[in-house]
Amino acid sequence: MTRQRLSLLTPLALLGLLAGLADLSRASEDEDYYMQELLTREQYNQVQMLEKPVASIPDRSREHPSQNPGKKVAKGGRQTDKTTDDTKSECPPMGLETLKIDDFQLHASTTKRYGLGAHRGRLNIQAGLYEDDLYDGAWCAGRDDPLQWFEVDARRLTKFTGVITQGRSSLWSSDWVTSYKVMVSNDSHTWITLKNGSEDLIFSGNREKEIPVRNIFPVPVIGRYIRVNPRSWFNSGNICMRVEILGCPMPDPNNYYHRRNEVITTDNLDFRHHSYKEMRQLMKVVNEMCPNITRIYNIGKSHSGLKLYAIEISDNPGEHEAGEPEFRYTAGAHGNEVLGRELLLLLMQFMCQEYLSGNPRIRHLVEETRIHLLPSVNPDGYEKAFEVGSELSGWSLGRWSNDGIDIHHNFPDLDSILWEAEAKKWIPRKMFNHHVPIPEWYLSKNASVAVETRALIAWMEKMPFVLGGNLQGGELVVTFPYDKTRTQGVSREPTPTPDDHVFRWLAFSYASTHRLMTDASQRVCHTEAFAKEDGTINGASWHTAAGSMNDFSYLHTNCFELSMYVGCDKFPHESELPEEWENNRESLLVFMEQVHRGIRGVVRDLQGRGIANAIISVEGIGHDIRTAADGDYWRLLNPGEYRVTARAEGYSFAIKKCEVGYEMGATRCDFVIGRTNLSRIKEIMEKFNKQPIRLPVRQLQARRSRARRLGT
């Protein structure tokens, strides 16, 4: 470090900084990036106990609410000060992370290369696995000196109240800024530096590269432009930053940029982040508003004992109606991906309100579909992220279950079992191409399976789901199976299912009706331009992942499952929720409606009784489905003419041609199949304990005499 930079640090702060960095080194190639953040959080907390902040004013941005009774935590972890007036109130993020601030509004003094330009200096932006000149994980200055700056043009007068910073997202480099100044301007030529009395105010920055650090200005400042001027940085790294600015636009009805980007919702919903208790209370309120179409139940408990609550929306809640398909949305398998959770809470409010108001579209959905919403698969992880807040939870805090398991990828790897059976030509002689059984080792108590995963599997096996979507965050894309590459050792390659054409349509139905997913002008969230692929991608083409919920659902049950990555920001500020709802509302409804596409019917015996567990095969598609307990089935198919076979153990088979049209609504295709002669004989033998049937003597003698006459 230069003398000028050293002079900015007090001896005690320098000792604390060195203590915190002593054990840090460049990440190894095999290091889990998410786990790296957890470990550095532990070191970070230890350093906080030993050192004083560099800034000339107290930095309470990382303070727990209990340490300062004068502060209260708003929903989503946002802190406000009860002892201050409105002039010191904290503004929401301006939108560097959510992309509301576009690339042309970001500038820098110098840039190391294009991939480390100002446009990459966004909070929580992620670098690609193989960092290159296009998609790196921060803005990095071309030179390491105190003359560098990162600038945001708000395009209108704005009240700035704070700055949030991170270091560079990288598996290979360790770069972050440890202190900085802040300057504002109205014309980008004359700059005013924030002061502490007569001296420039120096804010303490980061002590590692992933944990966000927030600094609130002692007094809000008004301007159009704001600059962050790094003053010191990690001594083994370079000047690199990811930034979010807290600011409130000043009233200006004539501002073109504000009007162009403004999204307004007319839905009267509860747009805020909900704690676990608040979520439960909100579900109860909806249930009381619409008691005839809703039911609250739980599918199990989390690792810490929190119940996994679901809400059912149907005209006969609590009952499976023969011929009515079942649909599910889940969210929050990664506890820090909060947007999906709030979208499902908004969806249940919206459907209740619209049903009561007589909306024909919603009434048809409710009356013809049994809908299940599970907003929080991982409530333990969510509570961790919620406590810290939407801007300070980083990229991974709360991602895993309490016992450190990624729930979404904690299912048994049935792909490998199926592919091995196909290679050995065991299908269909020794094994079916569907309802692949769970291996015994996975069911053992010693298996590394989260209690939340076991609860999900039991739920998926109990309910005859036809279609499902799990809402995730951090990207704008819909992914579909398979999620694991078929070629071993390959990190990404197209790996389609036999129903690839159906999955592609289902994915496109969500992406094409989302406000942003298929917008070619939309900036990429991190490294992938998914909009060029219509906002959809085969999971294995993106990155291989064994044991995903999507693959398990497809191979073990009848349910076609997809993942919807509903926003670049995993945990958006609650002020963003109305716009995010508008982005996703139509997509959520359209995707649910796809459960009524394809064929449906009932498989019965000659007496008209439904046959459970009958197999429905479609010629040319190497994946079958089975009937539910009442003999009813639903087979998702695209428009076309299909040759369909129904068969069941002990019954003969039947074949029909079933035509699927372009209009919404599944085509009815029923089957009647009779018992085979062999099955009748077996049934009679079992009825009489496999003993020959004893006939009366006279009847036996008559049969023998008749046989002799025929012989003559």
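Of the 712 residues in the protein chain, 56% are buried, a term for under 20% relative accessible area, whereas exposed means over 50% and partly exposed lies in between (1.4 Å probe, protein chains only). The model is predicted, so local features need pLDDT of at least 70, side-chain atom pairs count only at pLDDT 80 or more, and totals for chains, interfaces and linings use all residues. Residues are numbered from 1 along each chain as its sequence is written, and side-chain values use heavy atoms, with hydrogens and water left out.

The protein chain has 17 helices and 28 strands; helices (H or I, at least four residues) and strands (E, at least two) are DSSP runs, numbered from the N terminus.

Helix H5 has 14 residues and reaches 20 Å from its first C-alpha to its last, close to the 20 Å expected at 1.5 Å a residue; the expected span is 1.5 Å times one less than the number of residues. Buried in H5 are Tyr276, Glu278, Met279, Leu282, Met283 and Val286. Seen down the axis of H5, the buried residues fall within an arc of 165 degrees, so they line one face of the helix; the arc is that of the directions from the helix axis to the C-beta atoms. On the other side of H5, Lys277 and Glu288 are exposed. Val285, also in H5, counts as partly exposed because its relative accessibility is 33%.

The cover over the buried residues of H5 includes these elements:

| Element | Residues |
|---|---|
| Strand E13 | residues 294-301 |
| Strand E14 | residues 307-313 |
| Helix H6 | residues 338-356 |
| Helix H8 | residues 379-388 |

Methods:
Contact = heavy atoms within 4.5 Å.
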